[in-house]
Amino acid sequence: MSVPVDGDKSVMVPDHVRRILRGPRPESVPALIGTACTVVGLLDAAGGIFPRFRHSRMHAVAEVLPGTLGPFTAALALCSGVVLFLLAHGLKRRKRRAWRAAVVLLPAGAVSQFVYRHSVIGVLISLVLLTLLVRHRSEFAALPDPRSRWRALANFVLLGAGSLGLGLVIVSVHPGLVVGSPSIADRLQHVLYGLVGFEGPVEYAGDTSWTVAYSLGSLGLLTAVSTIYLAFRPEHPAASLTDEDEAQLRALLAKHGGRDSLGHFALRRDKGVVFSPSGKAAVCYRVVSGVMLASGDPIGDVEAWPGAIERFMDEAKAHSWTPAVMGCSETGGEVWTRETGLDALELGDEAVVDVVDFSLAGRAMRNVRQMVKRIERGGYETRVRRVHDLGEAELERIRAAAAAWRGTDTERGFSMALGRIGDPGDGDCVIATAHRSGGPESPFGDLKAVIHFVPWGSDGMSLELMRRDRAADPGMNELLIVASLEAAPRLGIERVSLNFAMFRSALARGEKLGAGPVLRGWRALLVFLSRWFQIESLYKFNAKFRPRWEPRFVVFRNTSDLPRIGLAAMQAEGFVNLGLPWPLARRSRVAGRPCPHLVGRESGARTV
């Protein structure tokens with residue numbers, strides 16, 4: 001940076017000096033305010049819970065912070081600390097509702113500091129934070145996240161559990177003032193009574209019983225008020241495809257669906273969509289834990305992709321969501337990074353088999369050939385058909401078998417899953433089934449395994465689901481993939497997309513002669529993680545069919561966002577469930593199908 005000096009001269013100013021002269025960036029203010037609220041909340045809560053902390057040097061700072069007011073210092077400090085701590089995350093994400101709550105809370109704290117404690121420092125701290133909020137109010141314009149009234153139940157369970165834990169701490173931090181030796185059950189009973197405003201069995205000397213009672217009562221009141229508010233506020237449901245959206249997407253796929261093998265998965269009905277101004281391109285997404293996740297490339301004309309991407313980024317900014325793209329192609333990654341300034345990282349490779357080049361002949365295919373022949377000699381036969389060629393009764397039997405053979409309590413899949421079988425609009429999908437007469441009696445008759453493909457343009461198909469009866473012979477997946485590849489010419493199919501192999505290049509290069517210590521160490525870590533996630537096994541399974549490998553990328557804003565994006569992706573794919581405990585959890589109404597990046601397009605029922 002050149003700065004004019006003496007009218008006609010200029011000097012180069014170092015970057016760190018330039019940042020100091022320029023001052024803090026506007027986008028850093030919400031993070032600073034959120035961090036300040038986090039610190040204030042933790043100090044206030046600690047001052048309200050621990051009596052030794054209230055008399056320590058640290059409390060000399062904490063006692064003048066917002067929330068420690070009047071004769072009810074402990075209870076109000078605890079309650080205020082919890083509220084400020086909860087607001088901090090919303091302020092960091094620029095949420096308008098969090099800004100409004102903080103603007104109301106801070107003046108109230110300033111007035112109380114002056115009226116009850118005559119604390120000028122406490123008033124100044126409240127006013128400084130309030131001034132920052134008002135001055136930068138335009139930064140806090142993010143709209144609310146999708147929500148439903150089930151969040152009220154989640155709030156009651158989680159905040160209630162937190163209040164119970166804090167209550168046990170509050171009851172137990174006065175050992176020298178407790179009368180007698182109350183048991184754990186007595187302490188727990190005292191907390192439960194105190195949260196609803198009643199006196200429990202634990203007794204204290206002096207005025208400590210009032211401090212404990214007010215603290216427990218404030219926690220119970222906070223839990224009740226927040227739950228009632230969440231239960232009665234208007235719902236803001238998550239975005240989902242409307243019939244009009246789906247029709248428009250199908251029209252785009254009919255023209256441009258051959259560009260990306262993941263294009264048809266945009267028709268999942270639990271995704272939202274944004275279209276370009278011309279309507280010639282679209283980006284489908286789902287919001288998970290504040291991350292706006294898109295998958296695959298934009299749908300439609302490449303020339304219109306920038307317009308759809310801009311709408312996507314505007315939507316993310318309006319809600320303060322973290323934008324991310326999972327599994328885009330190299331072309332898609334280049335457009336995303338060029339138009340948005342985001343960064344990209346290679347995530348793995350997609351296995352694509354060209355039908356004209358596939359053959360079971362040769363030494364390289366010996367293992368697959370022998371496995372398929374062995375299974376066929378065991379009496380299995382295969383059928384490969386379009387969905388529109390199957391009757392409704394057979395489709396219903398296939399759906400029931402796929403659900404029964406899922407192998408996990410929760411459905412998995414997002415970026416490489418359609419979430420349904422045999423929908424009237426998906427007549428061009430392909431289903432391959434394996435049958436065997438005789439053997440153990442099954443509710444699904446002679447059906448032993450099924451795999452499901454979705455269209456990839458007019459001349460391709462993309463693997464979506466693989467399920468098999470666990471009592472069937474090993475090798476069902478290989479049998480059906482080979483049958484599908486052999487039947488592809490009859491169906492007009494020229495290319496088939498198989499599973500996604502995460503970190504495939506690292507596994508392949510790490511096992512070669514001459515690989516360096518870093519690459520070997522990275523491969524060893526991936527092999528270790530394969531005990532829980534099918535990383536190495538999927539790579540080896542895909543490699544059996546001699547595919548060509550197409551790289552796939554994750555697009556992200558900052559490196560610090562990657563852990564959050566990874567967690568959101570695992571939630572979307574069904575690997576991590578951060579919802580309610582299972583007795584209270586609402587079962588999903590969307591029959592998602594497993595196809596996660598981490599284990600490929602299939603459920604835990606498949607054995608590779």
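Visitor: Which residues touch the most other members of the largest nonpolar core?

Guide: Keep in mind that this model is predicted. The largest nonpolar core holds 45 residues. Apart from it lies another core of 36 residues, with Ala-434, Leu-479, Val-482 and Ala-488 among them. In the largest core, the residues that touch the most other members are Leu-249, Val-273, Leu-293, Met-326, Ile-398, Ile-431 and Ile-565.

Visitor: How far apart are the end C-alpha atoms of helix α20?

Guide: Helix α20 has twelve residues, 562–573. At 1.5 Å a residue, the helix should span 16 Å. The model agrees, with its end C-alpha atoms separated by 16 Å.

Visitor: What covers the buried residues of α20?

Guide: Start with the helix itself. Ile-565, Ala-568, Ala-569, Gln-571, Ala-572 and Glu-573 are buried in α20. Their cover includes β4 (281–288), β5 (291–295), β7 (322–328) and β14 (548–556).

Visitor: Is Arg-546 buried or exposed?

Guide: Arg-546 lies in the loop between α19 (536–543) and β14. Its phi, too, is near 55°. Exposed means over 50%. Arg-546 has 57% relative accessibility, so this residue counts as exposed.

Conventions:
Residues numbered from 1 in each chain as written. Predicted model: local features only at pLDDT ≥ 70, side-chain atom pairs only at ≥ 80, totals over all residues. Heavy atoms only, no water. Core = buried A, V, L, I, M, F, W, Y, C linked by side-chain atoms within 4.5 Å. Buried < 20%, exposed > 50% of the residue type's maximum accessible area, 1.4 Å probe, protein only. Helix = DSSP H or I, 4+ residues; strand = E, 2+ residues; numbered from the N terminus. Expected span 1.5 Å × (residues − 1). Contact = heavy atoms within 4.5 Å.
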